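Dear colleague,

Please find below the structure I am handing over to you.

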Amino acid sequence: GDLAFCDGSSVTLTASAASAYLWSNGETTQAINVSGAGTFTVTVTDANGCQGTSDPVSTTVFPTPEPTITADGPTIFCDGDSVVLTASSASLYQWSTGETTQSITVFSSGSYSVTVTDANDCVGSSDPVQVTVNNNPTPIISANGDLEFCDGDSVVLTSTVASSYLWSTGATTRSITVFASGEYAVTATLGTGCSGTSDTTTVTVFQNPEPTITANGPTEFCNGGNVELTASAATTWLWN
């Protein structure tokens, strides 16, 4: 095999045939298995008792690469964001995701590692990097009454629980009291820093009618006379 190999591999050195063998490392077999770097010779004894020593053979052991992963930002983030993971320099890359580039962009939670091959064809794997993606909230608005009402009334809109709130009105409380027509939404933020915006809630405020009374004749008349008073059009009427 190769005399230069990666840490964890080995090479077998075999002496030519003889009656006895003495290697420089003390072994006495015809072949020895070498897993470390060094210079090796063998002294052999033939059938006549004559001895001879070989030329030296040197082995070189390349260290196993120990790749590291760096992130271009936080590895804990909100859904919709991402982080770029980059392996230290090597010749070839094989990520746990199957990607083969030096850098990968991560959008989802998981444990990510990379196996690299260096210029000596030695292979090493990184420690895993944990990425956590937190969900964004989906706040829901509830109302304590009708969303359609008459001028002068109101409705309280309340968001589902979160750490902080920002309404489309600029209010920052969990609940708001609404007196006017409009579309209302809330952006809620959790303790993780992740936020989400609710669907809009439409409030309709009806104007109060301003009835008028018309008389079909004079409103001053003699006892025994009368006048007919008529209210402007409406659905129901209640006179005093």
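When the bonded cysteines of the protein are numbered in sequence order, they pair as 1-3, 2-4. Please bear in mind that the model is predicted. A search of the whole structure gives two disulfides, and I describe each in turn.

The disulfide between C6 and C122 has an S to S distance of 1.9 Å. C6 belongs to strand β1 (residues 4-6), while C122 sits in the loop between β15 (114-117) and β16 (123-125), so this pair ties together parts that are 116 residues apart in sequence. The torsion about the S-S bond is about -100°, so the disulfide of C6 and C122 is left-handed. Both of these cysteines, C6 and C122, are buried.

The other disulfide is formed by C78 and C194, with their sulfur atoms 2.1 Å apart. Here C78 is part of strand β10 (residues 76-78) and C194 lies in the loop between β24 (186-189) and β25 (195-197), so the pair links parts that are 116 residues apart in sequence. The link of C78 and C194 is left-handed, with -100° about the S-S bond. C78 and C194 are both buried.

Two further cysteines deserve a note on accessibility. C50 has a relative accessible area of 45% and is therefore partly exposed.

With kind regards

Notes: Residues are numbered from 1 along each chain as its sequence is written. This is a predicted model: local features need pLDDT of at least 70, side-chain atom pairs count only at pLDDT 80 or more; totals for chains, interfaces and linings use all residues. Side-chain values use heavy atoms; hydrogens and water are left out. A disulfide is a pair of cysteine sulfur atoms within 2.5 Å. Helices (H or I, at least four residues) and strands (E, at least two) are DSSP runs, numbered from the N terminus. Buried means under 20% relative accessible area, exposed over 50%, partly exposed in between (1.4 Å probe, protein chains only).
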